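Reader: Please show the model, and then take some questions on its local geometry.

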Amino acid sequence: MSAKNLFLNSGFVRAPLQNGVGRYVCQLQRIVLKFCKSHGGSRGMRDFIEQDLVDFAKHHPGVVVYLKPRRHRSPVIVGEYLNGDRVWMNVHNKTHEEITKWIEVLRTQQGDIASVRLRKYQYTDHPSIQGPWTPFTFKDPELNTAELPSSKFGANNRLPMSATEQLRLMFEKQKISTKTEDLKIAE
Amino acid sequence: MALIRRFMPLFSKVMRVYPITVQSQKIHRWVAPTLMELKRREDKLGGKKTYPRNTYLEWNLEAELFAFGQRLNEDFDPDLLLQAFTDRSYVIKEEIQQKKMGIDIKMNDNRELAKKGEEFMSHYIKTYLESVLPKFPPEGIKGVLKHLTSEAVLANISLHLGTKDIILASQYPVEESILANTFKAIVGVLLETSAEERTGRFVRDFVITQLQGQDINEFWQIDDPWSLLNTFVEKDGGKLEPRLIGEVGKNTLLACYQVGLYIDRKMISSGYGETVATAKEMAARAALKKIFGTEDHMKPIDFKLEGLPKTASQTRYQISAS
Amino acid sequence: MSAAKRVQQWATFARTWHIFDCKWQDPYESANIIKKYLMGQHKPIYHPLNDCGDVVVCINSREIALRGDEWRKRAYFHHTGYPGGASWTLAWELHNKDPTMIIKKAVYRAMKGNLQRRHTMQRLFIYHEENVPEDIMKNVSSQIRQSRLVPTRLDHIPEEEVKQYPKVMDYPKDYVLK
């Protein structure tokens, strides 16, 4: 399933202009609140404007707030971001609390995140610290000067010790111990 | 038979198939064709028409300028800030119009502010880089400085700070050079109104952080890494020995060689390449990166240095330009 | 892309040429080992769409060792597509005709039956004896380890070593070997 025929753009998790690395800049540039002064659907919006708007503007002086009273139209919030995105949101029949929450969402976004499908949920500038794998990473350097095919590199070296080999080692150990006994006797 | 008929309702309940609901995006089937048709009509009329933001009904230049300053957490003098956003082309256009109307309102443009800002920025960035990359030679620092103060980078920064809508220029959409100039003018305004330290912090937070995630060595082209490395090694009194330490698929088109550089039988770096010569060159480059302290796994650049950095000390590798 | 990144990618995706000695090995066990190298599953960068498989050169395929009485009983089926074109060939007959076929069929059978299989098989070179063409032998830079132990023949060990080897017991001098 490729993304070529879908009209939802895809992107990665990025911060515009390395936002947090230096200082943090609120990405919401301006917010336009369109509402009707008398229609019922704008009630929540009108309540927000009467009660919470001035506090919002005081606490976030970096966001320009525009009010557009429009008769016979449903209430709408349009948020414009520093990267040029425009988020249009219909808040018809939404309550005061809901609108407050949605405005908080718009303020803390960094653009229109709903229009971008995240390809991965992580991003890093340095995917590898020790260096990416190459065929040379764990290669035995003796292979460079070896005459291939050779039994040293071709034979299985993970087999358990055979009975013959065990006996031979026991014999060697015995030889050493008898030698030391002879020396002790000689002393 | 009667048994089956008796227990039929139970069987049917057991055998009822519950359909598994599939989560699908709620995009109607007519949305895509509609958008395609709208785009086709738009293109027929000559492409999408965008109007400058200051022609909209909801626009308050004073409020926008105030918010611009507050957003960046800086205190700007409002008149100077407006002067910073006024471009020469706009002033010319306005003067022509005013001559026709017979009025004479003087408007200042941002050329002097831009010059002051540019001077301060270059000096600050240079000394900051020198203190943060102590082993990097002056040519490299010049390369990085050239990249950071280039038009493309400054225009990108300016765009993402929201100057595109506030700039007063003759043409829309605004060109890159005007955006870059405006950014320099803003630095100039900050220099006039606040202390140098504050301005330095501003430049550090917006310009120097553009180095995050970038490979510094890309901004400085070394033409002959082998001879350059030799000058360093001979100064310390050693001898470079390149050796072929790995090869894969010698006769094929996808051949890959690994060359290691040794001083006194100890490996200092290794490089890969399609041919032995390329691999040797890349090994020399890797060794140079190690000397300058700018490898892939170097310690990240410190973007939190405060105050005005002191000028470079004497212990810097001087590479003669001649 | 900068030169450093380009060269790093070239190295990471480089195709290694391995050599594998089939002498006295079970072809079906070896096929399991060889297929991993052919598909690239021995690399941490493996992905089926990555085209990261290596080349394997098999030598001494005439010397393979099938288990038990498989030489006499294992039959390979082939149908030409035409009516009456079915044929069952026993392992020893096939080996006599073409000594590389058994190991080739074993590797083909070990792989998953997807569309990449035929392409991956093209990376396998099989030679029935030690003689490999020089231009292929030049590319080889690594060896795959066998799974079965190849014991050394008694007459291939030098005489003094045989005489000096420690004995657990020996026949009495007047014992007559039948």
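Reader: How many disulfides are there over all chains?
Author: This is a predicted model, in which local features need pLDDT of at least 70, side-chain atom pairs count only at pLDDT 80 or more, and totals for chains, interfaces and linings use all residues. A disulfide is a pair of cysteine sulfur atoms within 2.5 Å. By this rule, the count over all chains is zero.

Reader: Is Cys36(A) buried or exposed?
Author: Buried means under 20% relative accessible area, exposed over 50%, and partly exposed in between, with a 1.4 Å probe and protein chains only. Cys36(A) has 2% relative accessibility, so the residue counts as buried.

Reader: What is omega for the cis peptide bond of Tyr172(B) and Pro173(B)?
Author: Pro173(B) sits in the loop between helix 9 (151–160) and helix 10 (176–193) of chain B. For the bond that joins Tyr172(B) to this proline, omega is about 0 degrees.

Reader: Is Asp264(B), a residue with positive phi, buried or exposed?
Author: Phi of Asp264(B) is near 60 degrees, and the residue is not glycine. Its place is the loop between strand 2 (256–263) and strand 3 (266–273) of chain B. Because its relative accessibility is 71%, Asp264(B) counts as exposed.

Definitions and conventions
Residues numbered from 1 in each chain as written. Chains lettered and ligands numbered in written order. Heavy atoms only, no water. Helix = DSSP H or I, 4+ residues; strand = E, 2+ residues; numbered from the N terminus.
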